[in-house]
Amino acid sequence: MSGHHLIDEDTTFIVQGITGREAVNLTRECLDYGSKIVGGVTPGRRGREVHGVPVFDSVAQLVAEIGDVPDGSVVTVPPAFTRDAVFEAIEAGVRLVVIVTERIPRQDVAQMVELATLREARIIGPNCLGIIRPGVAKMGGIGGPARDAEKAYKPGSIGVMSRSGGMTTEISSTLSAAGLGVSTAISIGGDAIIGSTYAELMPLFEADEQTEGIVIYSEPGGRMEAELARWVTENESRLPIVAFMAGRFMDEMPGMSFGHAGTIVEGKADTAAEKIARLDAAGITVAEEISEIPDLIRERIGTVPA
């Protein structure tokens, strides 16, 4: 994957927990979409197949048998076992781990993120729909069945990142319908602790030639947009960014949680008005309606010399 962790036509991955009912469906959807799933892992199920994908007892066994370390893993095992599954993948040399599982204990998530940092691996999620490069491959449930994914996600030039899985698809289908299309979309997960924030994913989009602009979904509360604004300013990002901000009404109700665990409003710096001012200062345009996004991103891309 040429040193970055966005997916492409050569990305191989495995599914941990592959024999679970949801995982079986997810495997089917990803294969139908053209993704390269090279194996699956469920302890005690070695020798089985799921939609033609061979199942192994452990990641180490899978690697030994196929003679290759896969680029990625989609982890969909129960919360109590997620940490062990992710440790197993990272220790085996897997560099991109998409964690679908929700309700993982925070302590476990913190430990997984720490190990990933030590091993220069990347975690997307937990509690996320994963990554899609339209027309190429998808890792996770993002976009749903292949046919639906093909409608909502047309190949194009805009990167999409969102804490909300539904918003990832909503924004992407708006960009697709407007003829801009999507380079890569990432559902990053809505939990308070996640493996990759907007700012941490920006370098991947910066390095991706297909990407000419970025759309993020912003919610009241949380520190992620401030971090992104700082990153964009410090790194003189080449990519114009449009942030779609829902929930302006939240300013009236400080301290109330909005949607995800990661979006509790923590005082003045986090109100929508403050956040908009901060994004503005970093050159990030704020859209208040989804329908405004395509025109705003077009304006911004138009100002960048070809």
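Helices, as named here, are DSSP runs of at least four residues, numbered from the N terminus. With that in hand, the overall picture of this predicted model can be laid out.

The protein chain contains 10 helices and 14 strands. Across its 306 residues, 56% are buried.

A probe the size of a water molecule, rolled over the atoms, shows where empty space is left. The largest pocket has a volume of about 750 Å³. Its lining comprises 36 residues, and those closest to the centre are Gln16, Thr76, Val77, Pro78 and Thr101. Two helices, H1 (21–33) and H3 (79–91), each contribute at least two residues to this lining. By class, the lining of the largest pocket holds 16 polar, 12 nonpolar and eight charged residues.

The second largest pocket has a volume of about 190 Å³. Here the lining consists of 11 residues, with Ala116, Thr117, Ala121, Arg122 and Gly195 closest to the centre. Both helix H4 (106–118) and strand S7 (122–124) supply at least two lining residues, and H4 gives the most, with three. Four nonpolar, four polar and three charged residues make up the lining of this second largest pocket.

Methods:
Residues numbered from 1 in each chain as written. Predicted model: local features only at pLDDT ≥ 70, side-chain atom pairs only at ≥ 80, totals over all residues. Heavy atoms only, no water. Buried < 20%, exposed > 50% of the residue type's maximum accessible area, 1.4 Å probe, protein only. 1 Å grid on protein atoms, 1.4 Å probe; cavity = no way out; pocket = protein on both sides within 12 Å on 5 of 7 lines; lining within 4 Å. Points joined across faces, edges and corners; volume = space filled by probe spheres on them. Nonpolar A, V, L, I, M, F, W, Y, C, P; charged D, E, K, R; others polar.
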